[in-house]
Amino acid sequence: MAALAWLLIPLVVAICAGLWGSWANRTRKARGDGPELDGYARFRAAMEKSSRT
């Protein structure tokens with residue numbers, strides 16, 4: 001019976017991790033690449049400005 005308990009512990013943890021993962025992912029929205037590309041464009045502009053001086 002103790003061996004069965006040791007086998008059930010990882011199973012219960014895996015189920016809980018799956019439930020938590022789906023709960024944590026439920027609020028994510030697809031943002032696209034807009035904010036990242038804007039930040040990269042600002043970075044490139046700043047690097048070009050500092051290399052020209």
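A salt bridge is a side-chain nitrogen of Lys or Arg within 4 Å of a carboxyl oxygen of Asp or Glu. Keep that in hand for the exercises. This is a predicted model, where local features need pLDDT of at least 70, side-chain atom pairs count only at pLDDT 80 or more, and totals for chains, interfaces and linings use all residues. Residues are numbered from 1 along each chain as its sequence is written, and side-chain values use heavy atoms, leaving out hydrogens and water.

**Exercise 1.** Find which side chains meet in a salt bridge.

*Solution.* Start with the count: the rule gives one salt bridge. Next, name the partners: Glu48 and Arg44, at 3.8 Å from N to O. Then look at their spacing: the two sit four residues apart in helix 2 (residues 34-52), so about one helical turn separates Glu48 and Arg44. Helices here are DSSP runs of H or I with at least four residues, strands are runs of E with at least two, and both are numbered from the N terminus.

**Exercise 2.** Decide whether Glu48 is buried, partly exposed or exposed.

*Solution.* First take the cut-offs: buried is under 20% relative accessible area, exposed is over 50%, and partly exposed lies in between (1.4 Å probe, protein chains only). Glu48 has 38% relative accessibility, so Glu48 is partly exposed.

**Exercise 3.** Work out how many helices and strands the chain has, and what share of its residues is buried.

*Solution.* Count the elements: there are two helices and zero strands. Finally, the burial: 0% of the 53 residues count as buried.
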